[in-house]
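Biologist: I would like to learn how to read cavities and pockets. Please show me the structure.

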Amino acid sequence: MGKGKLYIETYGCQMNFADSEVVAAILSPEYDIVDNVKDADVILVNTCSIRDNAEQRVFNRLNELTNLKNKKKHLQIGILGCMAERLKDDLFQKSNVDLIVGPDAYRMLPEILKSEISPIDVQLSQTETYKEIIPFKYEGNGVSAFVSIMRGCNNFCSYCVVPYTRGRERSREIDSILNEIQHLVNDGYKEVTLLGQNVNSYHFEDYNFATLMQIVAEKFSTTRIRFATSHPKDLSDELLEVMAKYNNICKSIHLPAQSGSTAMLKRMNRKYSREDYLNRIASIKKHLPDCAISTDLIAGFCDETEEEYQATLSLMKEVGFDFAYMFKYSMREGTAAHKHMQDNIPEEIKIKRLEEIIALQQELSHISNKKDVGKSMEVLVEGPSKRNKNQYFGRNSQNKVVIFDKGNCQKGDFVMVKITACTAATLLGELL
Ligand code: 5AD
Ligand code: SF4
């Protein structure tokens, strides 16, 4: 019998994209991946629960997908990831799906798809890291890849559903991380991003995140190394020293602040104050003067006063973030905020605050980009620019997108580019 045809659709964070590649690897003996959903015998949707609108998008999409069953009776549709974990068997009522598999149960997928065992497995694990599974890269650019180094989260920020959907924090064995990176390098990848909800609390035997980074940077000295995400309470000077020492570690740190107000940070259970955060920023600037700093911010969390919101704006200006992901607070069932606080900021105020935060960040990103005009920098070519096929797009060490005329180079090359102009979102340059 020939192989079945599998279509995977992924929503949410980079971790989910990395997990979908693990799923593809687990199912690769029995299924070929297809890129047209109409060809599929099995459709798996890897989902995100972080905010309500992420879940609503998936429900809308599931409506479309489950309609395909009218034409293809044997079609199996499965929900993976955070929504599977959060909503469990309620999903069988809410949509016409066949299987529900949480983030730690993907090894069971082959048996579940053969109907040998229950169609729902949402068991979380203290130990699963899928360590020996080499992810199957069925999409992506062949230049830059994600490598998961840990799973889960123990921080329990009061607004966040992740500790409930992804379970307890656990780190992957160092040898299996190095082995996966070696595979990527052998396959021609030029950049890896080490991934976890909170990479700075990586620990395996005597290794912490700083020592892991040092080992990776030394062993793969011609590969660019990035990482995400860092919790401000755990970002160590030891890591900053390692970053300063190795040219191939990119000078870019994603350090979610969430808010600029100490009182608000306390309600969010972030375990640092505004001063602690600014102290980390000062340390980054001292060790790595050319490091880009990006962040996540939430507008309209429970009881947010005008003054607290202003503190977020002033933090943004004080740090001068190069980039930010900005969100409107969305109450998630089961979190501490849901149990003990009120989602009491009116929608129109949440929207207004979010819009102002976005407008300010636009200005800050533009200021940051203008400082790069006139500089020459190394760029890793990722592929043709979407807007103009005579141009390439790539990223510099600071993770900024750089666009330039193609000239005589190829995808996967490290090239020097002189920046000649910019927008708030991109740098434009000339190949040197
Ligand atoms: N509402 C809005 N944003 C949230 N985030 C996490 N939980 C919520 C929520 N309930 C944001 C945080 C986090 C990012 C991944 O998503 O900023 O850093
Ligand atoms: Fe959520 Fe906080 Fe964990 Fe990040 S650190 S995943 S925001 S609980």
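The dialogue below takes up a cavity, then a pocket.

Modeller: This is a predicted model, where local features need pLDDT of at least 70, side-chain atom pairs count only at pLDDT 80 or more, and totals for chains, interfaces and linings use all residues. Residues are numbered from 1 along each chain as its sequence is written, chains are lettered from A and ligands numbered from 1 in the order written, and side-chain values use heavy atoms, without hydrogens and water.

Biologist: What is a cavity, and what is a pocket?

Modeller: Take a 1 Å grid over the protein atoms alone. A cavity is a set of points where a 1.4 Å probe fits but cannot get out. A pocket is an open set with protein on both sides within 12 Å along at least five of seven lines. Lining residues have an atom within 4 Å of a point.

Biologist: How many cavities of 30 Å³ or more does the search find?

Modeller: One, in the whole structure. The lining has 14 residues, and V22, P135, S148, R172 and E180 are the closest to the centre.

Biologist: Which residues are closest to the centre of the second largest pocket?

Modeller: D290, C291, D322, S368 and K371, out of 24 lining residues. This second largest pocket has a volume of about 500 Å³.

Terms used. Grid points are joined across faces, edges and corners, and a volume is the space filled by probe spheres set on the points.
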